Structures are given as C-alpha cells and as structure tokens.
Amino acid sequence: MVKKETFYIILLLIGVLLSAFKGDQKIQYFQSSTISLEPDNTKAFSINFKDSIPSDTLFQIRSQEGIPISYYRKVNTGICFDNQCRLLDIKLFWNITGRYLGFELPEKEFLSKAEHEPFEEKEYERLHEILAHSESPLGKFAYNQLMVATVPNFAGVDAVSSATSPDVLQHVVEGAVYTTYMLWHTVYGNTQDEVKQLTLSLLTPELVLQILESPDPSDRMWVVNEIPEEMEIINELRDKLLQLIDQDNYSLAERSINAFHSIDLTSEPLQLLLLEKFYQSDYSLQKLIINKLNEAPELSCEVTLNLAFNIENFSGDILSRILDIFQKHNVSDSKVLQKVAVLLDRENVYVSKKVYNFLKHTRSHDKVVEQELLMYEKKRATQ
Amino acid sequence: MIKLERRAMLKTMGLASLGLMTPNILKGEEYSEQYKLHKKQIKTDILVIGGGTAGVIAAIQAGRAGRKVILIENGSQLGGTTTTGGVNFPGIYFAWGKQIIGGIGWELVQETVALNDGTLPDFSVPHGKQHWHHQVPVNKALYVMLAEEKCIDAGVNIRFYETPVQADFKNNNWIVKTMGKGTSTEIICNQLIDCTGNAYVASIAGFDLLREAEVQPGTLMFELGGYDFETLDLKMIQNRYQQALENGELDKAEFRGDIVGLLRSKGDNIQHIAGADSTTSETHTVANIKGRTSLLNYLRFLRTLPGCENTKVIDMQTETAIRETYRIDGLYKITHEDYITAKKFDDGIAYSYYPIDLHDEHGVVPHQLEEGTIPMIPLRALIPKKSRNFLVAGRSLSSDRLANSALRVQASCMAMGQAAGAAAVLASINKKTPLEIPIGDLTRMIEEYGGIVPRQ
C-alpha cells in the first residue's frame, strides 16, 4: 500500500516529466499528402518569391526514386511589442499539388499571441484549420483592414493590442491576427505557384496516375486540369480518365474530358470508349463528349455509323452537333446519309431543316437520299 | 444653234433658281418618302416578350421544338440582367455537388466560358457561406452574341426596340400590339410568354399583379480604378465619409454606408438604388439616372480623399439592374416556407437553388439553405390566375417576397424559361392551355432538350 505522500510525489514527478517531454516535442500539424513514399533526400531551389519573408529557398522533399513528395519553406519574421521583438520561426509545408500540407515548429519553439501569450493546443488546431481553407475569406481582406484602429508604430505585429476588426475575427486565431494573416497569404501566395510549377516540370503519366489516387479530391482536380497537351496519354491513364467521366462529379468529369487533346483522338479505341461514355452520361456531359469527338482529326467509321444508327434518338443541340461533326468530317457514307435522311420526315421543322441543309451540303448521289430530299422539297413547297 | 443655246441657258437658269430654293437637289439627292409608321400583322405560334435571361431560353426551346417563335426585346441586345445589367455571374446550377439546372441555359453559359478560354468553378467543393463561388463569371459580349446566334439558329424571329402596348385574348389566340422605332405591329400568337421580369405583359393583359410596399433595390454595375486599396488609410476615409453623410453630401443607403466596401469591391455589385423599377420607360429612366447620379457624386467625393485622387470609372453598365418589381398572382404562390423546406410539387418543372437573398437598405445577409435542400418550382407558379395560353418565366413568377429573393436569380430564370418554352410548345401543338398539358409530357420534353426536372 502506497502512502499518500509518496503517491503525490510520484504524481508530481510524472507531471514534471510530461511537461518536459512536451516541451521537447516539435509542434507540428499535417494533413495527408498525395504521395506516401518514404522521404529520402531534399533538393533546394533558390527563388525570388517577391514577398516579405527573408528566406528565398524552397525545399523539395523527394523519394529515393526522385518522386517529389512535398515542399517546405522556412518562414522567419519578427513579432514585436514595445520594442521587444521575438522571432517567428516556422516551416510551412505544401503537397506536390500546391495544397497546404502543414506546419512544423523547431524544438522548444511555440507560437504566441498578443502580449506574447503562447498558443494553446486548440489555437494550433484552429490555425491549421484556417491554413487548410483555401477559400477562406481572409484572402479577400487587405492588410489595412485587419485592425479597427491603425497601428501607430509597427505594421504586422500581433503583440500590439489593438482590436481586431470584427469582420476578420471569425477567420483568424483570436489574438494572432497578423500571424494568421501572414501565414495564410504565404501558403496561398507566390510560393504555392512555385510549388505547382516545380511539380509540373516533373510531371509524367505515372506521376499523374499516382496523384489521381490521392485521397484529396482537390489534388485529382488539379492534376487533371494540368495534363499538358504534349503528354502521351498512356492506356492506363486513358482508362483512369475515362473512369472519372461520371455524372456524379460533373466538374471532375468535365476536366477529364478536356484532358484528351486532338492528338489523342487519332486513336480509334479512345473514340469508341468516349462514345460508350456518351451513352452512359447525362445531357450536360453528352454535349461535352460530342464536342470532344468533333476535335478528332478523323472520325472513326464505327463511331460515325453508331451515331447515325442512333440519330433518331437525339434532339435539339446534340442532334445539331452530330450533324456538324458529320459535315466537318465530310461524311458521305450512303448508309449514314440514308439514316440521317429519315429525319426529313420529322414534324419538327427545326430538325428537318437542319437535316435538309446537311444533306444538300453533302451533294450525295445516293438515290434514296435524293428521293427523300425531293419529297421534302415538295412538302415544303405546299406548306 | 442659238435656240439650243437659249434653251440650254434657260434650263440652267431654271435649275439654278430651283437650286437656290432647294440647294441639295442639285447634288443628286432625292427626297425620300415621308416618315410614316410601318404597320403590319404577323402570325406566329409562340410570342416571347422580353429577351432577358429567361426569355432567350424560352425562345430557343420553342424554336428547337419546331414552333414558329417571335422574341420581342425593348433594348438593343439579348441577355437582360446578365448582359445589359452587367450581373454577369449567373448561378447557381449545382446543389450539394449535383447539377440541378442544365439544358439550354447551361449550354449557353458553358459555351460562353469555353469560348473565352475560361474555367468553370469546381462544383464538387462545397461553397459554404460563399455561394458566389459556384456562380459562373461569363464574358458579357460573348454571351450576347452566342444567345443571339442560338436564337437565330433555332429560327427565332428577334425584334429589338419593340415593346407591347396591348394584349387581348380572342378565339384561343393572343393579339398583341407592339410599338417600335417606326413600327406598329400586331402579332397573333397562340401562346404568349411574359419574360419581361416585371409581369408587364401580364398587367397589360389584365391579370392581377402583386408588389410589396418596399422592393429590393436595384444596382448600377460599374468598375472603379486608379487607386491602390492596400495603401489607403481606411480609418481616415471612414471619418471623412461620416462627415460627408452628416453634411448631406452623400446618401448613405446608396452604398450601404460602406465606403470601404465600395473601394475594396471597386463597384462590383455594391450599389443600392431604392425603388428601382424597370417596368415603364419613365420608372426605368428614374432608376438609371439615380444610379448614375449616385456614382458621380461618390466619384467626386472619392477624388477628394488622400490616395484616391486619381479614382476613375473604368467601366459602367448602361442601365441600373433590377432585382424586384412585380409578380403575378399565380395559380400557386411559392412561399418562403415552401422554398426552404424544398416542398414537393406534383407539377414540379424545375429546381432552384440559392440562399434567401433579400437586399435592403442595410445591405444583404444571405440565409443559406439547409444541407441537402433543393427547392422546386411548380408549373402553376408560372401561370396567372384566370389566364389561358399565357405563362410567365423569370423573376415575376408567383412567389412571396422572401422566396422570390432566391427564385429571381439567373440560373432559376433559365430553368423557368426552358419549362415555359416547352409548355408553350406542347400547348400550341395540342391546342390547349399550358395547365392542361399532362405534366409527364412536359417534363419529358424538358428532359429531351437537356433540362433537369424534379424527380418525384
């Protein structure tokens, strides 16, 4: 049985040990990154960021295979109060897609608010949450809107106790408006653009595929949007992009359709796969897919025939686009034109007129088509 | 020879004396026909009045469905608030990650963005309180041209600079008289769609209208430049502004008492003109003059402020854009409660999605919808009581004021336009009034042309 006094001494020792342990731990907050490989080496890039932070180096953390995993920048700036200044020393991290990843303080370092009061854990969490919010209204505030009263001597100092503008308060860590503001604008400023550019310079179809597996949807959206025209869309990437053409996520689907360029559409298998997607999609995506097929240097016969044989099922602008595609690719196959000619009989004058104009343009000598055109002209003459 | 010379001389003298009285004749000009009003009568299937956000879509829908369509617009271009009004960020087409308004309106918006090499917002990212992140900025000039091109392609007969002055229902047709520049036209149509935004034609036709004592303010859209906002002494500016208000130099309500907001936004959707009304020439003249006078007063004031001495007007719309005027007394009035609870209607013909967005003299505090809420618009809200062969589409639909503050926005107007156009087509083909069209037929047609209809 432990005596009461001994029990309290043990508790005290545990408390001291814990606080000592916590004091030695680095304070760090991170989100999940796209690439989960082990970091192996770091490459430094000297960049003119055109901001107020002295450090002009961007560090790229890579895997053993040379794949970029993340980036970081050391942020050192002064926090001053009554001519006593304290250095803010923090590392900001970015994902390879430019998304905010996290921050890390050196050992024994801490962030402070007004009157140099240290951040509590909930304030670090709040800061991390704010920095992760790319659409934060903080981005719309100018520097001179942060405080209610103008700061007399030092700009950019949290330790001066002026009142934070009420409009700004909900978007910052209370008591640390300048720290929050400065860090947020650093995350989403020029450094982010540089991160993206560096990743883009290393972009390969394989890396694109890895990024498309990211748990974060914004990463997938970013990379789909950035696939350069000159990149070869290998089969695996093609299939992945097609998978993303899903009406459950219009935005990602739209960007995925857009990722295919004219040169990719020389592939008949791709055209056929897009056509398959066309029939599975809603109207909005169908429009995009049909417009994409129109970019093909040459339209596959199978695609042409398929569209023609289903043409009676289409209306309005989609029908119009299909006829435009046929016209652009000088489609003159009799089977196709005969199928189209059936629409001359439609009650809908808009449709029959479009079809008539298209068929006249083809100058087809097919007897069936010629007969249909003649009947249409007679019918129009009597109306 | 002398005779000839004499004759020639006399002729010349005659011509000369005539020339003295009418000098221009001698230069080869001719008197043209005396000005007279050109009168004509035209027959059509569907007449759409108002070439704004809803009217364009209604007309294209009707044209693509094969009907003869006339579109009357009293201004010089199509697009309404989206173009002439300068509120060129239509929305909202997506709700909770899914598209809920598509069809012809979305087609127009998407193509305008694409032709401008723009990028659509990422609709999969929730907008939170910042619903404007899901609105789609469009190039106004491109929108005007594409809207016009699509109308022409659909066979729509566009008539600019005309306004209706009379509308009578006889023998199952509407006879609408319009006046234009040098024209007086009688249009006989089977179906009539009022897309004026002010229920103007509904009023002319004798149907009841509703209007609150206070209506939402209008806004003249403009862009300021010539200063660096980040370097301005905002405290000093606010003090000087306060003095100007107290002296009566400026009207507080015109910029919501927010001089910093005006400077930061550079004029983007910040002005409030109380009582702005585009229903008649006279009321719209007043709204336009008020908008411009307000801007000029504020411009002069801004240029007295340190840091703002070179403030300039970079761009300005030609009209004050209007939010609210009149609404029809429809077969069903959508209430605020209906909207925020997404009440289901058997005759639902379109979705709508926007926060409750009532602007008043203090500004606007949008009330976002609860997660998963997608309001619905019933066909009956587009039909005035006691009417036949008549529909409205746009902000003058039948609704209470709060519901209207959300329903009036452009994406919803486009959806209503397509639904009204389709209803008019089916009614015209079947020789019925829109209310008699089976709702299943109507929703099938809307979907056939890419529109999205509520699922029951």
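Biologist: How many residues of helix 11 of chain A are buried?
Modeller: Ten of the eleven residues in helix 11 of chain A are buried, so the helix is mostly covered. Bear in mind that this is a predicted model.

Biologist: Which residues of helix 11 of chain A are buried?
Modeller: They are Tyr283(A), Ser284(A), Leu285(A), Gln286(A), Lys287(A), Leu288(A), Ile289(A), Ile290(A), Lys292(A) and Leu293(A).

Biologist: And what do the buried residues of that helix pack against?
Modeller: Within chain A, they pack against helix 9, helix 10 (268-280), helix 12 (301-309) and helix 13. From chain B, strand 4 (98-99) and helix 3 (103-115) also pack against them.

Biologist: How many residues of each chain are in contact with the other chain?
Modeller: The contact involves 25 residues of chain A and 27 residues of chain B. On the chain A side, the elements that give two or more residues are helix 7 (217-226), helix 9 (250-259), helix 11 (283-293), helix 13 (316-328) and helix 15 (349-362).

Biologist: Which of these gives the largest share?
Modeller: Helix 9 of chain A, with four residues. By class, the side of chain A that touches chain B has eleven nonpolar, nine polar and five charged residues.

Biologist: What is the secondary structure of chain A?
Modeller: Chain A has 16 helices and six strands. Of its 383 residues, 35% are buried. Among contacts in chain A with a separation of 6 or more, 61% are between residues 24 or more positions apart.

Biologist: Now chain B. How is it divided into domains?
Modeller: Domain 1 of chain B covers 40-213 + 325-448, and domain 2 covers 219-321. The centres of the two domains, taken over C-alpha atoms, are 31 Å apart. Where they touch, domain 1 gives 13 residues and domain 2 gives twelve. The domain 1 side of that contact has three nonpolar, nine polar and one charged residues.

Biologist: Which strands does strand 1 of chain B pair with?
Modeller: Strand 1 (residues 38-49) pairs with strand 8 (residues 183-194) of chain B in the parallel sense, over eleven bridges. One example is Gln41(B), whose bridge partner in strand 8 is Glu186(B). Strand 1 also pairs in the parallel sense with strand 2 (residues 69-73) of chain B, over four bridges. There, Val48(B) stands opposite Leu71(B).

Biologist: Which residues touch the most other members of the largest nonpolar core?
Modeller: Ala393(B), Met416(B) and Ala423(B) do, in a core of 145 residues. Helix 11 (residues 410-430) of chain B gives the largest share of this core, 13 residues. In soluble globular proteins, nonpolar side chains tend to be buried together.

Biologist: What does Met416(B) touch?
Modeller: Not counting residues up to four places away in sequence, Met416(B) touches Ala54(B), Ala350(B), Ile377(B), Leu382(B), Ala393(B), Gly394(B) and Leu397(B).

Biologist: Different topic. Is Arg380(B) buried or exposed?
Modeller: Arg380(B) counts as buried because 20 other C-beta atoms lie within 10 Å, and the cut-off for buried is 20 or more. Arg380(B) lies in the loop between strand 16 (376-378) and strand 17 (390-392) of chain B. Leaving aside neighbours within four places in sequence, Arg380(B) is in contact with Gly330(B), Leu331(B), Tyr332(B) and Asp347(B).

Biologist: What about the backbone, say phi of Asp117(B)?
Modeller: Phi of Asp117(B) is near 55°, a positive value in a residue other than glycine. Asp117(B) is in the loop between helix 3 and helix 4 (140-153) of chain B. Asp117(B) is exposed, because 7 other C-beta atoms lie within 10 Å and the cut-off for exposed is 12 or fewer. Phi of Lys266(B) is also positive, near 60°. Lys266(B) is in the loop between helix 7 (259-265) and helix 8 (281-302) of chain B, and counts as partly exposed with 17 C-beta neighbours inside 10 Å.

Biologist: Which peptide bond is cis?
Modeller: The bond from Gly91(B) to Ile92(B) is cis, with omega near 0°. Ile92(B) is in the loop between strand 2 and strand 3 (94-95) of chain B.

Biologist: Last one. What are the scores for the model?
Modeller: The model scores ipTM 0.89 and pTM 0.90. For chain B, the mean pLDDT is 93, and 94% of its residues reach 70 or more.

Key: Residues are numbered from 1 along each chain as its sequence is written. Chains are lettered from A and ligands numbered from 1 in the order in which they are written. This is a predicted model: local features need pLDDT of at least 70, side-chain atom pairs count only at pLDDT 80 or more; totals for chains, interfaces and linings use all residues. Domain bounds come from an automatic or database domain assignment. Two residues are in contact if their C-beta atoms, placed from the backbone, lie within 7 Å. Ala, Val, Leu, Ile, Met, Phe, Trp, Tyr, Cys and Pro count as nonpolar, Asp, Glu, Lys and Arg as charged, and the others, Gly among them, as polar. A nonpolar core is a set of buried Ala, Val, Leu, Ile, Met, Phe, Trp, Tyr and Cys residues joined through C-beta atoms within 7 Å. Two strands pair if DSSP finds at least two bridges between them. pLDDT is the predictor's confidence in each residue, from 0 to 100.
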